[in-house]
Amino acid sequence: MRAMKKYAILCAAGLMLLPAATATEEAMNGALAVWNQQYSEYRAALQFANTEEERAQVKEPDGAEIADDLWKSVSAKTREGGKDKGSAYEFDEPWAAPAVIWFVQHPAALAQALSKKKNPQRETAYYADRLMDALYRVHYTHPGVAAACAKLAEGNTAREYEILEKIYSRNQDKNARGCAALGMSLMLSNPLISSIGGSEPEVRAKRVYFLKRSLTLTEDNAMFGNARLSEVASEQAYRLRHLMPRSVPPQITVKDMGGTSVTVPTQGKPHLILFWAPEEETGSTMVRGIDKLAAANPGLEIVPVTHFATPDTVQQLQQQGISRTCLDDTAGSAARAYRIAALPTAVLVGADCTILYTGAPNMQLQAKIDACTKAQPKAEERPRVIVEDTPALQQAKPQQGPAPLAPMPQPRGDTPPALRDMPQFNAPL
């Protein structure tokens, strides 16, 4: 009798445990169902908005309402491992993949769910790391992981790249593999990531390869973040063709302060195109000292372009003592063609009309200038700084010139794809 009673108690305990595990997965699905409903209503509201003002009033859900419930459904600890094994949580289970993917997409929601902890920042960092680890070890094969690839692509460490690489090589879903391929192509534009990808030609070849794979693997309506994958891929293709080192940049026409049209770049001499604005100090200092800059770098055609010039810009520049610059139009067409994201940005184009450098005016730029103007007087016989009073522009050691160049290509007149709202990526977990 006592044995039967003990058996009955054990059976009852087992039955009590079973519904709890099932209810946890059901709780996860219930929370995600609420999110899917909210997001569907948001997309519908955007679709039916008739004006930009109406679209601006449509607020994208941030997941704060479901974050706590979703986290509770997958965050219970299932075992406490030893020194080497660590702890395991419900989000390490295969069934929890949708929640892990969701939290990778919404890192702010994870912070919201842990905001009441004793040390929320530390807790958030710990669980963010564990979620990424679960994605790498367990959930990379889930077809829904395609939704997280855009967020991963905004990372700046090898870890995110390795996760994308694992999704691409081992996931059986074509959309997931295609999104991972596009994410890898995007990440290879980051110098921190491209440094592990081989030489510059090898990295460029990989970027082009993964870009093509992203288009061949995915469906026509596949999404990458908040944008269509095909649109993101088109933007990436434009950058690879026109804005990478050794590629031929777009030819732009701007007007100088006297109204004369200036077209750059042209063949025969190196050009330094400087996108700047009067509000920022470094670019303003360079433009004020443009004569000194030209004298210090003979043979270099310097074309400053004032970003988003207005009808009052010429008068404002003259009052500031600036007499030599070109003006972008009010739509920023020149800056858009070069995809300028920060000011000042310098674009150095060689005599063969190919890009030698794009980025902030710094030591590396000066070294590139020295290399492409090496036929002029030796660098040590002239000033070694671009602008004397600008700390960002320090002297650089001369470097050897480039290898013999192929026949000079003609600048392409391709029209850049229209700018659109890019996916809103936050820093990944």
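The exercises below concern a predicted model.

**Exercise 1.** Describe how helix H8 and helix H9 pack, and give the classes of the residues in their contact.

Solution. 
1. Locate the helices: H8 covers residues 158-170, and H9 covers residues 174-187.
2. Take the geometry: the axes lie 8 Å apart, at an angle of about 145 degrees.
3. Assign the hand: H8 and H9 cross in a left-handed sense.
4. List the contact: H8 contributes Glu160, Tyr161, Leu164, Glu165, Ile167 and Tyr168, while H9 contributes Ala176, Arg177, Ala180, Ala181, Gly183, Met184 and Met187.
5. Sort by class: nine of the contact residues are nonpolar, one is polar and three are charged.

**Exercise 2.** Is aspartate 220 buried or exposed, and with which residues beyond its sequence neighbours is aspartate 220 in contact?

Solution. 
1. Apply the cut-off: exposed means over 50% relative accessible area. Aspartate 220 has 74%, so it is exposed.
2. Find the contacts: with neighbours within four places in sequence left aside, aspartate 220 touches Arg228 and Ser230.

**Exercise 3.** Identify the largest nonpolar core and the second, separate core.

Solution. 
1. Count the largest nonpolar core: it has 62 residues.
2. Pick out its most connected members: Trp71, Phe91, Ile167 and Phe224 have the most contacts inside it.
3. Find the main contributor: H9 supplies the largest share of this core, seven residues.
4. Turn to the second core: it is separate and has 20 residues, among them Leu317, Ile322, Leu356 and Leu365.

Definitions and conventions. Residues are numbered from 1 along each chain as its sequence is written. This is a predicted model: local features need pLDDT of at least 70, side-chain atom pairs count only at pLDDT 80 or more; totals for chains, interfaces and linings use all residues. Side-chain values use heavy atoms; hydrogens and water are left out. Axes are lines fitted to C-alpha atoms, for helices over the stretch in contact, and angles run from 0 to 180 degrees between N-to-C directions. Helices (H or I, at least four residues) and strands (E, at least two) are DSSP runs, numbered from the N terminus. A crossing is left-handed if the near helix is turned anticlockwise from the far one by less than a right angle, and right-handed if clockwise. Contact means heavy atoms within 4.5 Å. Ala, Val, Leu, Ile, Met, Phe, Trp, Tyr, Cys and Pro count as nonpolar, Asp, Glu, Lys and Arg as charged, and the others, Gly among them, as polar. Buried means under 20% relative accessible area, exposed over 50%, partly exposed in between (1.4 Å probe, protein chains only). A nonpolar core is a set of buried Ala, Val, Leu, Ile, Met, Phe, Trp, Tyr and Cys residues joined through side-chain atoms within 4.5 Å.
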